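Take a look at the fold before the questions start. What can be read from packing, pairing and charge contacts?

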Amino acid sequence: MNKIEPRYYQHDALNALLEFFQTLKPGVRANPCLKLPPGTGKSIIVAMAVKELFERWNARILILCHSSELIDQDYRKTVEFWPEGEHLFGINAEKLGRRDYDNQIIFATIQSVYNNPALFFANNKQPYNVVLTDECQRIPPDGDGMYLSFFNRLLEYNPDTRIGGLTASDWRLGSGRICKPGNILTHLIYEYPIMEAIQKGYLAKPVNNPTKHRIDRSKLKIQRGDFTEESMNKVMNQGGLIADQIEEVIRTAEREEREYWLFNCIGIPHANAVYERLEQRGIVSDVIHSDIEDAHRKDIMSAFREKETNALVHVNMISLGVDFPHLSLGALMRPTKSSELYYQQIGRIIRVEPFPCPKCGKKSIEIEDNCQYCGGLLSRTFAQMTGYIMDFAGNVAEHGAINCDLASPDKGKKQKKGPRLKECPNCREAVAIHLKQCPYCDSLFPRQERENNTFSQAQHGEIIAEPEWMDVENHQFFTSAKKGIIQHHLFLKGDIKITNRLELESEDPLKREKARKFLQFLLNEDVPKTVRSFVEDGYREKINCPSQVLVTQQAGFRRLEEYRYNNPYRGEQ
């Protein structure tokens, strides 16, 4: 029996993957993707999928990733979950010192295998029929890079190879969504919302307040879609900015009871300067970057994981798949135009450290009033349930709340220029750029406010957009049987209109399943399979107008989260 007990959403993600593979018709080129926030256990889903795919279909499986650390993590987690299958496993990763080719199930880095897929068919082994790519947002939409070169050659040997992906961010800087026709991955089939993970206690809630020593992003230069290192270093290293920022971190950490800190830096000189200042202030700290040998890096990571150091300064080392649950404060000192990198920066700080029950001592992370093992009363501090973000780089204002849509528009679509938030000069709260009056202090913005007080200068925003209940005055349904779409228009107080688009007959299984589940909630009974049936069989007339809806909104973005009814029985007239 394995020691890992998968969570409900990990079962849901696995079932979506297996159902997609099982129902896919021969000769149809379609590949699925699973999207889950950082820190929610994608490596466990990999382990579950490996076991199920082998036991159901005797599949020959390749687990692929760009990072040897992640491949090692996926391998170890699969061994822990399914120890009986360890004799089937192999590793092909130069940095891990192994070059296995003929195992039934292989964990490999793309750098180690992209140029010789033929070697994987040694000893007359069958071709791989399933490839699962961890951190699949690294797969480009076109070109002759490592991933596409490998997949194209693999498909020559076995055209029916199924390629799946797991990611925390289903978009890529410069090219947009990673799942669309023509790409390797074509269908996003499962998505676990970050707000649900936070509400369940699987992730800490990120919190932030304005920092005093922010940089001026208007002085940064952009090249190839992101800020140049030269301009970032010039802005970040001016005057005594680093010393001021460190002092602000120390004061904030003491006030907010944050003991373990992570610093995201621009480059090696910047990281060394931050580290030296921390040492001068007597903070037990360490620095990690590409100039440090692998063996020493592991020692540094191990020391921080064991809480022997209080602060860790890094340059692109603590990112994908690295897990430090005890981290309680993150200092963002590296500006970026990449929403993916921003999401990963926040993701390092919102891991949750298991909380021990004061009565029985057993640990858990779920948010409950009583211990699930002994029933003892649990009491957690605000610091234990949150991750504190200090944004000196203006990334939060640039990219917005992580539970809103961070993706860049696809190529060919017009993009709105300029920042999405501005700062109230009176109370310094972050507000939507279009507002004429501050909703927090009621100050009126002068006409030039839109231009002069945007977040190109005042770089603060909300990491989490909090949902609010809003009253509904009326609702209407519009349907298109030809397109297979139902539109539910909700008219809220204050002349606000929200449209919930339900694609009941979509080819995309995720959209189809979302529409089905939502209609099931509204009707409280089995739902029709087609829009024509929804109209002709009287389902539309069974749905009452909700009294309130829960809405997440930020800078003009609105997303419908939940309906509320005054009457206890939905769908009854």
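Q: Leaving aside its neighbours within four places in sequence, which residues is Phe 54 in contact with?
A: Ground rules: this is a predicted model, where local features need pLDDT of at least 70, side-chain atom pairs count only at pLDDT 80 or more, and totals for chains, interfaces and linings use all residues. Residues are numbered from 1 along each chain as its sequence is written, and side-chain values use heavy atoms, with hydrogens and water left out. With contact taken as heavy atoms within 4.5 Å, and skipping anything within four places in sequence, Phe 54 touches Ala 59, Ile 61, Trp 82, Leu 88, Gln 104 and Ile 105.

Q: How many Å apart are the axes of H1 and H2?
A: H1 covers residues 8–23 and H2 covers 42–57. The axes are lines fitted to C-alpha atoms over the stretch in contact, and angles run from 0 to 180 degrees between N-to-C directions. On that basis the two helices pack at about 40 degrees, with an axis separation of 10 Å.

Q: Which residues of H2 make the contact with H1?
A: From the H1 side come Gln 10, His 11, Ala 13, Leu 14, Leu 17, Leu 18, Phe 21 and Gln 22. Facing them in H2 are Ile 44, Ile 45, Met 48, Ala 49, Glu 52, Leu 53, Arg 56 and Trp 57.

Q: At roughly what angle do the axes of H2 and H3 cross?
A: Here Ser 43, Ile 44, Val 46, Ala 47, Met 48, Val 50 and Lys 51 of H2 meet Gln 73, Asp 74, Lys 77, Thr 78 and Phe 81 of H3. The axes come within 8 Å, and the crossing is roughly 55 degrees.

Q: Which are the edge strands of the eight-stranded sheet?
A: The sheet is open and mixed in its pairing, in the order E4-E3-E5-E2-E6-E7-E1-E10. Strands count as paired if DSSP finds at least two bridges between them. Two strands pair on one side only, and these are E4 (98–99) and E10 (187–191).

Q: Which residue in E5 is the bridge partner of Gly 90?
A: Strands E3 (residues 89–93) and E5 (residues 105–109) run parallel and are joined by four bridges. For Gly 90, the partner in E5 is Ile 106.

Q: What angle does H3 make with E5?
A: H2 lies across E1, E2, E3, E5, E6 and E7, at about 160 degrees to E2. H3 (residues 68–81) also packs on the sheet, where it touches E2, E3, E4, E5 and E6. Its direction relative to E5 is about 160 degrees.

Q: How many residues apart in sequence are the parts that Arg 334 and Asp 226 tie together?
A: A salt bridge is a side-chain nitrogen of Lys or Arg within 4 Å of a carboxyl oxygen of Asp or Glu, and the count comes to 23. Among them is Arg 334 with Asp 226, whose closest N and O atoms are 3.6 Å apart. Arg 334 is in the loop between E17 (329–332) and H11 (339–347) while Asp 226 is in E13, so the separation bridged by the pair is 108 residues.
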